Each structure stands twice: as C-alpha cells, then as structure tokens.
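Here are a few friendly notes on the charged side chains, for you to read with the model open.

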Amino acid sequence: MKFAHTNIIARDWKKLARFYIDVFACQPTYPERDLSGEWIDQATDIGRVHIRGIHLRLPGYTDAPTLEIFQYEPDRLSEVQPAINGQGLGHIAFEVDSVEEVLHKLLAHGGTRVGELVKKEYPGVGWLTMVYTRDPEGNIIEIQNWQK
C-alpha cells in the first residue's frame, strides 16, 4: 500500500496549478484530466459532471504522491475559506531550504499569510521555522524548515 495523491478543488484549476508550479516547484504530470460521462457521474454521484485538471508531482519525488488539482462543473463551491482549526483536512506542508524566501515568492504570486513566521526549538530534535499561508484560493499551506 502507498499514498497516492491529495486533491484540491479549485475555482480555476489552471491558475491554481500554475501557483503550485511557480512557488513550490511542483511538476505537471500529463495528460491533463478531462473527465465526463456515466462512469464519473456514478463515481461522484453528480449528474452530468465534468471535471478538468491535472496532477502535479510534488518536489522531492520522482513519481507519487501527487497534488491533484481539479475543477468541477457544475460548481458548488462555497465562499467560506477553510479555517486553520476547521474540521477535515487542515493544510498541506512543504519543507523548504528558506521559509523566508518561499514566503516572499508565495506572496508575490497571490498567496497570503495566515499568522506570523515563527521559530521554535524542540530539544533533541532541532529548530523549526514555519509559517501558515494560503494559496490564491484560500487553501492553507504550511511552509517549514528544520535545522538540527
């Protein structure tokens, strides 16, 4: 058994995929997805659904897991942004060489910061530098670095 992917439902899958490619060096894995028909209606329990999107290979991996970014038609998206302490999947995290540099890049590409950048020593483990952020569609991302 192995972990396969995490899915993000987007308002604009192309724009959101570009954000993860530009900021976190994710790589597209082709083909792009264009799903419709009876089989996907049955799988999703949504009549006449049309799903478009792509899988992005995560940095540091040669295959799986991937970040799957999909856009559904018809769209039933809520205007409510996920909360850092909300039920369900809370955030995805990327370990980076420089939290400050990636935070700057994220902000330049339309992301936002949730809280402050913090540094915390964990005795016997090392120093954690981290910040919670949001992508342009409001999904929460942790940017972290561990130093021993």
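1. Let's start in helix α1 (residues 13–24), where D22 and R18 are four residues apart and so separated by about one helical turn. Helices here are DSSP runs of H or I with at least four residues, strands are runs of E with at least two, and both are numbered from the N terminus. The side chains of D22 and R18 meet in a salt bridge, at 3.1 Å from N to O. A salt bridge means a side-chain nitrogen of Lys or Arg within 4 Å of a carboxyl oxygen of Asp or Glu.

2. Both partners of that pair are partly exposed: D22 has 29% relative accessibility, and R18 has 44%. For these labels, buried is under 20% relative accessible area, exposed is over 50%, and partly exposed is in between (1.4 Å probe, protein chains only).

3. A word on the source: this is a predicted model, in which local features need pLDDT of at least 70 and side-chain atom pairs count only at pLDDT 80 or more, while totals for chains, interfaces and linings use all residues. Residues are numbered from 1 along each chain as its sequence is written, and side-chain values use heavy atoms, with hydrogens and water left out.

4. Next, please look at E73 and R52, which form a salt bridge with their closest N and O atoms 2.5 Å apart. E73 belongs to strand β4 (residues 66–73) and R52 to strand β3 (residues 50–57), so this pair ties together parts that are 21 residues apart in sequence. E73 is partly exposed at 31% relative accessibility, and R52 is partly exposed at 25%.

5. E100 and K119 also form a salt bridge, with 3.9 Å between the closest N and O atoms. Here helix α3 (residues 99–108) supplies E100 and strand β7 (residues 118–122) supplies K119, so the pair ties together parts 19 residues apart in sequence. E100 is partly exposed at 40% relative accessible area, whereas K119 is exposed at 54%. In the whole structure, the search finds three salt bridges.

6. A polar atom of the R134 side chain lies 2.8 Å from the backbone oxygen of P82. Leaving aside neighbours within four places in sequence, R134 is in contact (heavy atoms within 4.5 Å) with residues including Q81, P82, L106, T112 and N139.

Key. Polar contact = N/O pair within 3.5 Å; in protein donor to acceptor, adjacent residues only side chain to side chain.
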